[in-house]
Amino acid sequence: MSQREWIEKDFYKDLGVSSDASQDDIKKAYRKLARDLHPDANPGDAAAEERFKAVSEANAILSDPAKRKEYDETRRLFASGGFGGGGFHPGAGGGFTSTNFDIGDLFGGGASDAGLGDLLGGLFNRGGAGGTARTRPRRGSDVETETTLDFRDAVQGVTVPLRLTSPAPCTSCHGSGAEPGTSPRVCPYCNGSGIVSRNQGAFGFSEPCDDCRGTGSIIDNPCGDCRGTGIQNRTRTITVRVPAGIKDGSKVRLAGQGEAGLRGAPSGDLFVTVHVRPDKVFGRDGDDLTLVLPVSYGELVLGATVSVPTLDGRVGLKIPAGTADGRVLRVRGRGVPKRGGGSGDLLVTVKVAIPQHLDDQAVDALRIFLHAEQTSGFDPREGWAGA
Ligand SMILES: [Zn+2]
Ligand SMILES: [Zn+2]
């Protein structure tokens with residue numbers, strides 16, 4: 001069996017399932033085949049034993065959703081003929097710990113160095129003897145942090161300083177890991193590939209190079225400040241421009257502000273989750289601001305112009321005569337700035353405030369008023385279903 005065949009081995013076919021089979025289908029297919037092909041049930045049958053091995057191997061990958069995903073992606077890449085697009089993203093977990101093959105042979109000079117490194121990093125980094133030390137230079141991790149804004153700042157946009165303690169490129173060696181004035185040299189044992197091959201039986205095995213621990217380079221004089229890793233924990237203060245109108249719970253992405261990559265690889269991204277403190281006056285409904293405006297009964301009956309706050313100064317709100325309690329009045333353009341320009345509205349809900357302490361004059365006047373209201377024919381419960 002050639003290596004190419006080996007890589008292109010169809011685990012789905014081995015189990016007799018389609019490539020979109022559910023995990024349950026895979027489990028069932030494996031159980032049946034394992035029972036039928038088990039060496040105890042087929043003593044001396046070499047073909048059955050081969051099949052049994054193949055089925056076990058296929059099951060080891062396909063029964064683990066993470067490994068299966070990686071296998072699917074790898075196959076897709078092989079099918080599309082290369083790694084150019086960088087579509088292979090190790091790090092999802094799982095891996096081919098039980099499988100080894102020689103990708104170097106397969107791709108000859110065709111595959112780009114970076115793509116190959118990524119792929120092998122993904123395959124070798126699992127089940128992992130070496131952990132991250134065995135990977136080639138790799139983009140730094142994404143970092144998550146959070147910040148809390150005042151309501152009005154969130155609506156209007158604000159620049160906030162964030163203090164972050166995270167790995168960053170070493171300032172002494174600029175991330176190379178080598179003592180300032182020196183530089184890492186290409187590993188002579190693996191020629192900088194980080195990978196060595198050896199043959200065993202039918203297969204070629206690839207392994208991370210021991211001399212350089214898979215990094216492809218050797219540092220003779222490690223930087224004293226970062227012990228050769230190229231990374232230091234640093235507290236940084238960065239300023240983050242939070243766009244106007246951001247909602248509570250939103251995430252802001254700052255490209256390249258995450259963890260530094262090992263030995264000069266690109267940094268990860270920083271994700272800032274933004275929390276917004278409630279405001280005493282304003283609420284929010286999408287792009288609209290909301291506000292509850294206390295009014296008197298008389299103002300609703302007779303109409304009035306009332307001063308209401310907005311985020312930039314006060315405006316006079318006209319309450320039409322005969323406005324019902326609880327009605328929502330709209331002040332156009334005084335809401336939350338929209339992404340594409342313009343703003344939402346300010347929605348003002350009128351709410352009658354009932355006086356608790358009226359002087360005698362007011363009480364007398366109210367009695368006279370109620371009487372007059374009745375004689376003018378007003379019945380608050382007219383048309384009410386409970387009347
Ligand atoms: Zn350093
Ligand atoms: Zn090496």
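Strand 9 is largely enclosed by the rest of the structure, because 5 of its 7 residues are buried, where buried means under 20% relative accessible area, exposed over 50% and partly exposed in between, with a 1.4 Å probe and protein chains only. This is a predicted model, in which local features need pLDDT of at least 70, side-chain atom pairs count only at pLDDT 80 or more, and totals for chains, interfaces and linings use all residues; side-chain values use heavy atoms, with hydrogens and water left out. Residues are numbered from 1 along each chain as its sequence is written, while chains are lettered from A and ligands numbered from 1 in the order in which they are written.

**Overall composition**

- The chain contains 10 helices and 15 strands; helices (H or I, at least four residues) and strands (E, at least two) are DSSP runs, numbered from the N terminus.
- Of the 387 residues in the chain, 37% count as buried.
- Among contacts between residues at least 6 apart in sequence, 64% join residues at least 24 apart, a contact being heavy atoms within 4.5 Å.

- Three strands form an open sheet with the order 1-9-8 and mixed pairing; two strands pair if DSSP finds at least two bridges between them.
- Strand 1 (143-149) and strand 8 (250-254) stand at the edges with a single partner strand each, so one side of each is left without a neighbour in the sheet.
- Neighbouring strands of this sheet are turned by 30° against each other on average, direction ignored; axes are lines fitted to C-alpha atoms, for helices over the stretch in contact, and angles run from 0 to 180 degrees between N-to-C directions.
- Strand 8 runs antiparallel to strand 9 (residues 270-276), and 5 bridges join them.
- Across this pairing, Val-252 stands opposite Val-272 in strand 9, and Arg-253 has Phe-271 as its bridge partner in strand 9.
- Strand 1 runs parallel to strand 9, to which 7 bridges join it; here Thr-147 stands opposite Val-274.

**The sheet that holds strand 10**

- An open sheet of 4 strands has the order 10-11-15-14, again with mixed pairing.
- Its edge strands, strand 10 (283-285) and strand 14 (328-331), each pair on one side only.
- From one strand to the next, the twist averages 35°.
- Strands 10 and 11 (the latter residues 288-295) are antiparallel and joined by 3 bridges, with Arg-284 opposite Leu-289 in strand 11.

**The second largest pocket**

- This pocket has about 370 Å³ of space. On a 1 Å grid over the protein atoms alone, a pocket is an open set of points where a 1.4 Å probe fits, with protein on both sides within 12 Å along at least five of seven lines; lining residues have an atom within 4 Å of a point. Grid points are joined across faces, edges and corners, and the volume is the space filled by probe spheres set on the points.
- Among the 15 lining residues, Tyr-297, Leu-366, Phe-369, Leu-370 and Glu-373 are the closest to the centre of the pocket.
- Helix 10 (residues 360-375) supplies the largest share of the lining, 5 residues.
- The lining divides into 10 nonpolar, 2 polar and 3 charged residues; Ala, Val, Leu, Ile, Met, Phe, Trp, Tyr, Cys and Pro count as nonpolar, Asp, Glu, Lys and Arg as charged, and the others, Gly among them, as polar.

**Pro-169**

- Pro-169 lies in strand 2 (residues 158-169) and counts as partly exposed, at 38% relative accessibility.
- The C-alpha atoms of Pro-169 and Ile-231 are separated by 4.7 Å, although the two residues are 62 apart along the chain.
- Not counting residues up to four places away in sequence, Pro-169 touches Gly-230, Gln-232, Arg-234 and Ala-260.
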